[in-house]
Amino acid sequence: MADIAAPNEFALTGDRRNSLRKLMQRKSTVAFLMALPLIVLIATLVIYPTGYAIWLSMLNKSMTKFVGFGTFEFLLKRQTFWDIVYQSCLFAITAVIFKAMIGFVVAHFVHNIPAKGQRKWRGMLLVPWVIPPAMSTLAWLWLLDPSYSAINWILVHLGMSNISWLGETGWARFSVILVNIWAGSPFFMIMYLAALKSVPDQLYEAASIDGATWLQRIWYVTLPMMRNIIAVTALFSLIVTFANFDIVRVLTAGGPLTSTQLFATWAFKVGIESGDIPQGAAVSLFMVPILAVAAAFILRDINKRGSEV
Amino acid sequence: MANVAVAAGAPVRPLHYGSISKSRRWALRWSYFFLVLFCIFFLMPPIYMFITSIKGSAEISAATNPWWVFHPTLENYAELLTKNEYLIFFRNSALVSVCVVIISMVISVTAAFALARMKFWGSTALATGVFLTYLVPDTLLFIPLFKMFAFVRDTTGIELMNHWWTLIILYPTLSVPFCTWIMIGYFASIPKELDEAALIDGASWLQTLTKIFIPVALPGIIAATIFAFTVSWAQFLYPLAFTTSTDQLVLPVGIVTTLIKGDVFNWGQIMTGALLGAAPPLIIYAFLMDYYIAGLTAGATKG
Amino acid sequence: MAQVTLRNVVKKYDEVLAVRGVDLDIADKEFIVLVGPSGCGKSTTLRMIAGLEEISGGDIAIGGNVVNDVPPKDRDIAMVFQNYALYPHMNVYENMSFGLKLKKTPKEEIDRRVRQAAGILDITELLDRKPKQLSGGQRQRVAMGRAIVRDPKVFLFDEPLSNLDAKLRVQMRTEIKKVHQKVRTTTVYVTHDQVEAMTLADRVVVMNAGLIEQVGSPNDLYHMPATKRRQAPYG
């Protein structure tokens, strides 16, 4: 057994427990300080404005007195407002569905070709996502111009008639959704491509041996394995698409009349252009419930994925 | 010795490889076919932007084939680049984006390091909070911010409206959450033993961050930087709401508002302006495509 | 003098006692091995000596000075990790010289020490390579080189050979023993492999459930195991 050493061999270090605690404190204070700019940034420019928006929405137009939910009631009674709700939902849901489908399909094609060539195809296909939305929407504005539309030119040459892409309600809504799909599909494609690559080949081989056609392989192997990423990407895009501003603003400015207004563009028009801040705040706050629900689903799915692995 | 006798003239069994490669070949052909179609769809607008940019205004308003350039000219580029306004837009955008990138990266990297490595009270809540912040859209915040700026003006006399540098304060809210999220993922994947080795080697926290973590997580840093730059460069709503005089505008807003004078759209210049405006992100993308994509997928898959 | 003394060392994680009062005297230049099943507290004890874990109770002294509150870099120790923990973005030379660079040691001194350590471990040709270009055995040697360069009072090994295949393990065992004979630094070595313990150690410390069960030379342990369980592997 070890000899017990004489106690005076040790130099006394004073109150050991206290200095230990100080050491711990130091590390977590340093950590806290490092995270402080982030916290300050988020607190002042995200959390506070959100709360402030709620407060603002409850004031009257000249912001002199408190009217509680008056503005919200007012909005809920206006037909224009319900139009906007309908338009925003139509826009977001249709766009996301198509973006997801196109992204899924294109990802498969890219995945099918030999690995060497994938990089350059992937590179070309991602371009819409890289171009700033305001710029690319200008390009579409030009492409769909009432008098000079290059697309109409093609249609006319094929024997069809001019389409008033931005002048007619139906077509205007179509155009706005189209531009969003154009700009957003590449994102889905990239995410799905990454997910496709992570599905083990052996599963497909086993399915082939079991006799599955390519369609069945997609249904029974690919989709279930990708279920999580499909859900997360879709929800994420739903949030971003729902709050979209750039495309509508540049393409139609909400027109014709108000048929392509979304929450964001209407809030801008009412809040900043017409100067009715409380109403603008109220309109943009209507996005919150939907965003919150989508965000909750995303968080749950991300955590679920963590535990699946 | 094998005693397999092969009768002369016996029919030879056809090899089966042919049928497999045939269906594979057809799958490839269809794949390329559709890929070309989609490429046309995706690349058509930027290509058309370019085509228009090299046309003179006479040709644009003529009724000729819009998809072909009969008399290519650089007059649009010349006019745009010599007109003071456009260069000012470019300068403002560049200044704002560079500053925002620096600020964002400093905040994100330090915060991510603290959140990924140093556990402190509330660190998990903060990490989730950061992610949630990313989901709060700018379209929700611009109205209260509008009022907040007025308030700051009334109380401190600092005019935040209509100054391009105000954007430097605002844009980080858009880039920092996601950049932090990316960096947390990259930092978390560095094995803990590396920290301990550095600790034994005598590195302070700051030295561990700068000499070990940042070099090892460099791909993540590049990806996050690219993301921060692209987001700042493309921002439209905040500058539209908060800057009005021509010399304070950034590129996206500048092009949209100044080149569209009333009912007269100078499309040649608009397209040139838009193309040049889209150029920086495109150039970065062309050279650093892999980091670009890594940044995208990092956010979602690294959870 | 580089003796290590542990006096009633305790480690508590929340309510769980991982190390329940360990007393140990390690003599200068001794090669001591802590051995025991997973969860017995041997790694935790090692990490407390290194300063990577806070000591919940008791004292640890290196070279006669109590080091409870001393940060790892000031304890004059060097550690070889199970997963080598080599900096992936630095080559072998830079990996080995990192600690000295932080201490602002002059370049000629650094070069001398790195080359000397590389010579002992036979890795001089590898100095330019990055860790990912090295095999497991080579990486292990670089990790040891990093430790030797620091010229510490104590070497700490945390199951360094567990990631190697059986044949390489035997080879590396002899390397480690040879290095110890050349460099003569006090060594504390943790392993769960009893054969490793018996071949390497001057003295073996058998741990179980946070306590020391038995301490003695390999010979003593072989002939007089303290518990029945110790008897079984030795027949």
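Reader: How many residues does the contact take from chain C and from chain B?
Author: This is a predicted model: local features need pLDDT of at least 70, side-chain atom pairs count only at pLDDT 80 or more, and totals for chains, interfaces and linings use all residues. Residues are numbered from 1 along each chain as its sequence is written, while chains are lettered from A and ligands numbered from 1 in the order in which they are written. Residues count as in contact if their C-beta atoms, placed from the backbone, lie within 7 Å. On that basis, the contact takes 14 residues from chain B and, from chain C, 17 residues.

Reader: Which elements give two or more residues to the side of chain C that touches chain B?
Author: Elements here are DSSP runs numbered from the N terminus, with helices (H or I) of at least four residues and strands (E) of at least two. By class, that side of chain C has twelve nonpolar, three polar and two charged residues; Ala, Val, Leu, Ile, Met, Phe, Trp, Tyr, Cys and Pro count as nonpolar, Asp, Glu, Lys and Arg as charged, and the others, Gly among them, as polar. The elements giving two or more residues are strand S6 (77–80) and helix H2 of chain C.

Reader: How compact is chain C, going by its radius of gyration?
Author: Chain C has eight helices and ten strands. The globule rule, 2.2 Å times the number of residues to the power 0.38, gives 18 Å for 235 residues. Taken over C-alpha atoms, the radius for chain C is close to that, so the chain is as compact as a globular protein of that length, at 18 Å.

Reader: What share of the residues in chain C is buried?
Author: The C-alpha atoms of chain C fill a box of roughly 50 × 40 × 30 Å along the principal axes. Of the contacts in chain C with a separation of 6 or more, residues 24 or more positions apart account for 67%. As for burial, of its 235 residues the share is 43%.

Reader: How many bridges join S1(C) to S2(C)?
Author: The hairpin of these strands has two residues between them, and C:Asp14 takes a positive phi near 50° there. C:Lys11 has C:Val19 in S2(C) as its bridge partner. The strands run antiparallel, and the bridges number eight.

Reader: On the S4(C) side, what is the bridge partner of C:Arg7?
Author: S1 (residues 4–13) and S4 (residues 57–62) of chain C run antiparallel, joined by five bridges. C:Thr5 stands opposite C:Ala61 in S4(C). The partner of C:Arg7 is C:Asp59.

Reader: Which residues have the most contacts inside the largest nonpolar core?
Author: Such a core is a set of buried Ala, Val, Leu, Ile, Met, Phe, Trp, Tyr and Cys residues joined through C-beta atoms within 7 Å. This one has 249 residues, and those with the most contacts inside it are A:Leu138, B:Met183, B:Ala274, C:Val33, C:Leu156 and C:Val188.

Reader: How far apart do the C-alpha centres of domain 1 and domain 2 of chain A lie?
Author: Chain A divides into domain 1 (17–57) and domain 2 (70–308), with bounds from an automatic or database domain assignment. Four residues of domain 1 are in contact with seven of domain 2. Their C-alpha centres are separated by 35 Å.

Key
A residue is buried if 20 or more other C-beta atoms lie within 10 Å of its own, exposed if 12 or fewer, and partly exposed in between; C-beta atoms are placed from the backbone. Two residues are in contact if their C-beta atoms, placed from the backbone, lie within 7 Å. Two strands pair if DSSP finds at least two bridges between them.
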